[in-house]
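Subject: Handover of a structure, with findings

Dear colleague,

Please find below the structure that I am passing on to you.

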Amino acid sequence: TITVGNTEEAYRTIASWYRQLFSPIVIAITGSNGKTSTKNMLANILSIAAPTLCTQGNLNNHLGVPQTLLNINKEHKYCVIEMGANHVDEISLLCQLAKPKFAIITNANNAHLGEFGSIDNLVKAKGEIIGALPKNGVALINADSPHKSTWQAIADSRNCVLFGDNTAIFATHINEQSDSVQFTLHCHGEALTVTLGMVGKHQVDNALAGAACAAQLGIGINSIKQGLELTLPEQGRLNFLKCSGFRILDDSYNANPHSMKAAIDTLASYSGEKIAVLGSMVELGNESSKLHRDIGDYARQNSVDQVYTIGDDAKHYQGHQFDNIESLHTHLRKHHSGATILIKGSRLMQLDKLVNLFTKTANSA
């Protein structure tokens with residue numbers, strides 16, 4: 001037994017020491033949305049080429065990153081680390097442990113805005129992942145991001161690779177299906193059709209991020225396609241489910257304004273009756289009421305037939321408010337059979353319980 005003054009600090013110190021015993025190529029991924037999907041896509045691609053370690057689930061914080069690093073072994077050529085943050089300097093600390101050579105920023109928007117205080121602070125916090133790279137490091141940034149120039153400035157003399165429209169890695173012919181998205185992947189002059197086993201056009205951006213990094217690592221387009229097509233959505237992250245007459249878009253894991261709009265866009269692509277079940281979004285600070293109203297308006301403007309809400313802040317969506325999950329489930333089953341239902345809210349709202357009620361009913365039918 002070793003007595004220490006601070007167990008978290010000791011844990012990080014051990015992980016940092018252990019990380020330096022090995023020399024995998026470490027890729028760090030951050031962003032307000034899309035971190036986990038991008039991490040899974042890239043890890044699946046790289047696993048085809050060589051043994052690859054990656055963050056499991058959402059273990060992306062000051063405890064999860066050390067846990068991942070402590071699982072490195074001598075066989076691992078690649079290590080894909082997801083990094084989340086809700087305050088300044090958190091990502092810098094995680095990078096000190098992981099020592100990445102490659103960094104991907106998927107995006108930056110008003111997630112955790114209340115914690116960061118301003119969008120400028122949030123953008124700079126995401127940029128910490130680039131500032132932590134060595135001078136021969138590679139930063140990968142979405143060319144469509146409004147914060148591109150800020151992150152390019154942080155990159156300074158480091159190699160900065162853009163993906164998306166008007167770059168060497170982009171997508172065309174995007175076609176949404178009920179349970180998949182198909183697109184043509186263009187990668188340094190080559191092109192292939194890719195079918196993602198996931199829903200939502202926003203997944204194409206995540207796929208491009210993974211493809212751009214893989215290409216930098218010398219992975220060919222055929223392996224990129226194979227890895228992307230192996231990737232499936234994680235539970236609660238816009239997962240398409242068929243449940244006894246209902247089509248459920250289970251996006252119950254978490255929510256912020258940007259991901260809400262992406263999920264509503266996906267819901268709007270379905271035919272038939274469309275229902276949005278929206279829980280409160282947390283950590284939005286002084287703008288919370290306005291941001292909730294904006295999302296409610298966005299849903300109504302995008303062909304959503306009904307907006308049902310749950311949670312104190314959710315009242316600002318100005319939909320039909322429910323006091324509890326059970327009464328909401330009963331109402332949906334009674335009045336909206338055959339509908340496509342989006343279920344989304346912050347983790348605190350526990351809307352996975354509503355999804356479980358639907359799947360439980362389906363299994364007992």
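Where is Gln235 found? Gln235 sits in the loop that runs between helix H9 (221-230) and strand E10 (239-243). Please note that this is a predicted model. With a relative accessible area of 64%, Gln235 is exposed. Its C-alpha lies 9.7 Å from that of Gly57, although 178 residues separate Gln235 and Gly57 in sequence.

Salt bridges

Lys39 is buried, at 1% relative accessibility, whereas Glu234 is partly exposed, at 24%.

A further salt bridge connects the side chains of Lys225 and Glu229, at 2.9 Å from N to O. These two residues are four apart in helix H9, so about one helical turn separates Lys225 from Glu229. Lys225 is partly exposed, with a relative accessible area of 23%, and Glu229 is partly exposed as well, with 31%.

Asp352 and Arg347 also form a salt bridge, at 3.8 Å from N to O. Asp352 is partly exposed at 23%, and Arg347 is partly exposed at 40%.

Cysteines

The number of disulfides is zero. For Cys54, the closest cysteine sulfur is that of Cys79; the two sulfurs are 8.4 Å apart, which is too far for a bond. Cys213 is likewise in no disulfide, as the nearest cysteine sulfur, in Cys187, is 12 Å away. Cys54 is buried at 14% relative accessibility, and Cys213 is buried at 0%.

Helix H12

Helix H12 (residues 325-335) has Ile325, Leu328, His329 and Leu332 buried. Viewed down the axis of H12, these buried residues fall within an arc of 100° and therefore line one face of the helix. Glu326 and Lys334, on the other side of H12, are exposed. At the start of H12, a side-chain oxygen of Asn324 comes to within 3.3 Å of the backbone nitrogen of Glu326.

Surface patch

Ile14, Trp17 and Leu21 make up a nonpolar patch on the surface, and their accessible area together is about 340 Å². Ile14 is located in helix H1 (residues 7-19) and is partly exposed, at 45% relative accessibility.

Yours sincerely

Terms used
Residues are numbered from 1 along each chain as its sequence is written. This is a predicted model: local features need pLDDT of at least 70, side-chain atom pairs count only at pLDDT 80 or more; totals for chains, interfaces and linings use all residues. Side-chain values use heavy atoms; hydrogens and water are left out. Patches are made of residues with over 30% relative accessible area and no salt bridge: like charges are joined within 9 Å, nonpolar side chains (Val, Leu, Ile, Met, Phe, Trp, Tyr) within 5 Å. Accessible areas come from the Shrake-Rupley method with a 1.4 Å probe; for residues, only the protein chains shown count as cover. A salt bridge is a side-chain nitrogen of Lys or Arg within 4 Å of a carboxyl oxygen of Asp or Glu. Buried means under 20% relative accessible area, exposed over 50%, partly exposed in between (1.4 Å probe, protein chains only). The arc is that of the directions from the helix axis to the C-beta atoms. A polar contact is a pair of N or O atoms within 3.5 Å; within protein, one must be able to donate a hydrogen and the other to accept it, and residues adjacent in sequence count only if both atoms are side-chain atoms. A disulfide is a pair of cysteine sulfur atoms within 2.5 Å.
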